[in-house]
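Visitor: I am new to this. Please show me the structure and tell me how its terms are decided.

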Amino acid sequence: MMTQTMRAAVFEGEGRLGIREVDVPRVGAPDDVLLAVRAAGICGTDVHILAVPPGHPATAGVVMGHEYAADVLAVGDRVDHVHPGDRVVVDPSVWCGTCAYCQMGLTNLCDRMTGIGIFRHGGFAPFSLVPARAVYRIAASVAPETAALAEPLADVVNGLSKVRVVPGESALVLGAGPIGLLFTLLLRAAGVSPLLVAEVSSFRAGHAAACGADLIINPKDVDLAAAVRRATVLGADVVVDAVGMLLEDALRCVRKGGRVLLFGMHEHARPAVKQYDITKYEIQILGTYIARGTFPLAIRLLEAGRIDFGALVTHRLPLTRIHDGIDLLRQGQAVKVAILP
Ligand SMILES: [Zn+2]
Ligand SMILES: [Zn+2]
């Protein structure tokens, strides 16, 4: 039988993403699931991978795309939790199940983690082959480009499960990219007040307002900590760093006894913090990394339709225009770009 080919967006090494003809994958292993990709989001991580020098590692030759929704086309013999015709979302972080951390249930800290769309083929293609444990069923009533937000949303829910926000508490979100806006939407729904967002881009500030922020502060124009004190008196109960290099700002804005959630990641960030203040003011600093057991919660949020996550998808592009989507993100002129292969 002749192998069929498809067009896919392939990481070709430092700074290069090419549209290439590659083989259409086929079910081989008993736990394989073959997917027809319906929508795949471009993530900040993709932009980091394609930066020169790269801000995130990836394997050359791999089909990129790790935030996607798809229809199941075929499954291996041992797959019984999804069936052909099901709409699914993909958890791209494939943990091993046998290392010390997986055996403690800390699967997001797996010593042998691999990433779909980063170290093995992902979703910037019409078809994708993934292991059974990576797919979760989602109602077809959720638009595919909205369903493709399940991965970042599951990560954000994991982060929020650590800060345990109480209604009526105040919060400050640093950065209004897709992650910061997902935090904003969920903190609004959780009854946070006031809800503050710090953002320098006016395009993103507009989206933060639409997501329910009470006050958007541009730290280039005003003193951030002073503005937060004016709005909250004591400082924010909770501060989320959605950027990954703003721990100093977070510590200036959080109240005594408050919590700082570190979500964003920036490999070269080396903040100069005054450890004395963290001790004396009993600041809790919480790191959070990707999703752990939170895909079902994210899917329920998407299916419930109570929160308008779809508003974060500002652009829909065919695969052949993926470079335009990446440029829009680099210029800060998009929130979430969905590729429709
Ligand atoms: Zn991502
Ligand atoms: Zn493991």
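Guide: Start with axes: they are lines fitted to C-alpha atoms, for helices over the stretch in contact, and angles run from 0 to 180 degrees between N-to-C directions. Helices (H or I, at least four residues) and strands (E, at least two) are DSSP runs, numbered from the N terminus. This is a predicted model, where local features need pLDDT of at least 70, side-chain atom pairs count only at pLDDT 80 or more, and totals for chains, interfaces and linings use all residues. Residues are numbered from 1 along each chain as its sequence is written, while chains are lettered from A and ligands numbered from 1 in the order in which they are written.

Visitor: At what angle do helix α4 and helix α10 pack?

Guide: About 115°, with the axes 8 Å apart. Helix α4 spans residues 150-163 and helix α10 residues 295-304.

Visitor: What makes the contact of α4 with α10 nonpolar, polar or charged?

Guide: Ala, Val, Leu, Ile, Met, Phe, Trp, Tyr, Cys and Pro count as nonpolar, Asp, Glu, Lys and Arg as charged, and the others, Gly among them, as polar. Here there are 10 nonpolar, no polar and no charged residues.

Visitor: Why are β16 and β17 called paired?

Guide: Pairing takes at least two bridges found by DSSP. Strand β16 (residues 313-318) and strand β17 (residues 336-340) have five, so they pair. They run parallel. V313 stands opposite K336 in β17.

Visitor: Where do the bounds of domain 1 and domain 2 come from?

Guide: From an automatic or database domain assignment. Domain 1 covers 5-137 + 308-340, and domain 2 covers 154-287. Their C-alpha centres lie 29 Å apart.
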